[in-house]
Structure formats: structure tokens, C-alpha cells
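User: I would like to go through the classifications assigned to this structure and the criteria behind them. Please set each value against its definition.

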Amino acid sequence: PGEAQKIDRIMEKFASRYCETNASLGIFASADAAYVLAYSIIMLTTDLHSTQVKTKMTKEDYIRMNRGINDSKDLPREYLESIYDEIASSEIKLKTSLGEGRQPINRLSMVGVSEKQRRQAYKQEMSVMAETAQAIMEDISDKQALFTSATHVDHVRPMFKVAWTPLLAAISVA
């Protein structure tokens, strides 16, 4: 699937899982409402923080845009206002995985390059990826997170499909 389809699937699963785990909050009547709100947050972030958007969305515009998304009912006005204020004050950004001033290696720039130079570029990229992964793991290792137990084998099957070979290799070497 294309990137838009992947994003759509991720957003759908996020909304569904959010509603499952936060049903006690009683904010959303359905996962569809959470899905629509999540997309409206992405749109709001782009609208407020993109230099290409000349006319910025107001708080009233945002509230109006989200009318009736909760099974034909409105979400609480205070809730939408707090979302707007939060996004207006701090843009949602993804962390970049490249070091300061680094550019990713363009595959087209590797045309006509010797095998030795390709190996060197590969080693360099792998080193950067390893450093980034280590930094991320160190960053999150200090944080306390709620542990969620898997209640069905289908929840962990994809992880084991990916991890069993490297895990077996690591254990057999040790």
C-alpha cells in the first residue's frame, strides 16, 4: 500500500486502540470519532505551523470543523479549545534520525561509485542507525511506562516472527 494508505491504517488502529484502552474517559462515542479528531489534529498542526498556509485557522474555525463528529454530537468545547491551544503553542514534530547537518545518502548519487566506497557508505549509515537506536533506547529507558500484557497469541505473533532468528542467534553465541 501507498504512504497515505499506511497512514490511514495506522490512524484507524490508533483510534480503535485508544477507545478500547480509554473507554472509562467517556470522551468518544466511537472509534470513528477519535479517528476524525486525530486527523483534524494533524490538519490543525499543518495549518497553524506551515509557512505555506497564509490564512491560519482560528479556534472558532477548529471547533466548527469538528462539529457533529462524535456520532452526530459535538465533543466538549473545552476539550477542543485545549487541543487548539496546545497545538498552537507547540507544534507536533517527529524526531529526526539524522545527526546535525547530515544528509541521507541518495541512491542515485551512488551510481558509478566503487564497491569499496559503497561499503564505506553502508558502514557509515549502519553506524549512524546504531547510534540513533542506542540514543532512543537510552532516552526511553529512564521513563516509567505502563506495561500492557498480551491477552492473545495474535498480539505477539508478529513480534516473534521478526525477532526469533536474531534472538536465537544471540543466545547461541553467548
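User: Which residues of α2 are buried?

Analyst: The model is predicted, so local features need pLDDT of at least 70 and side-chain atom pairs count only at pLDDT 80 or more, while totals for chains, interfaces and linings use all residues. Residues are numbered from 1 along each chain as its sequence is written, and side-chain values use heavy atoms, with hydrogens and water left out. The buried residues of α2 are A33, A34, L37, A38, S40, L44, T45, D47 and L48. Buried means under 20% relative accessible area, exposed over 50% and partly exposed in between (1.4 Å probe, protein chains only). These α2 residues pack against α1 (3-21), α3 and α4; contact means heavy atoms within 4.5 Å.

User: What makes α2 a helix, and what span is expected of it?

Analyst: Helices are DSSP runs of H or I with at least four residues, and strands are runs of E with at least two, numbered from the N terminus. Helix α2 (residues 31-49) has 19 residues. The expected span is 1.5 Å times one less than the number of residues; α2 reaches 27 Å from its first C-alpha to its last, close to the 27 Å expected.

User: Why is the pair R77 and E60 called a salt bridge?

Analyst: A salt bridge is a side-chain nitrogen of Lys or Arg within 4 Å of a carboxyl oxygen of Asp or Glu. R77 lies in helix α4 and E60 in helix α3, 17 residues apart.

User: What makes E60, R77 and E81 one network?

Analyst: R77 also forms a salt bridge with E81, with the closest N and O atoms 3.1 Å apart. Salt bridges that share partners join E60, R77 and E81. R77 and E81 are 4 residues apart in helix α4, and therefore separated by about one helical turn.

User: Is R77 buried, exposed or partly exposed?

Analyst: R77 has a relative accessible area of 33%, and is therefore partly exposed.

User: What is the phi of S72, and why is S72 called exposed?

Analyst: Phi of S72 is near 70 degrees, a positive value in a residue other than glycine. Most residues other than glycine have a negative phi. S72 is in the loop between α3 and α4. Its relative accessible area is 69%, so S72 counts as exposed.
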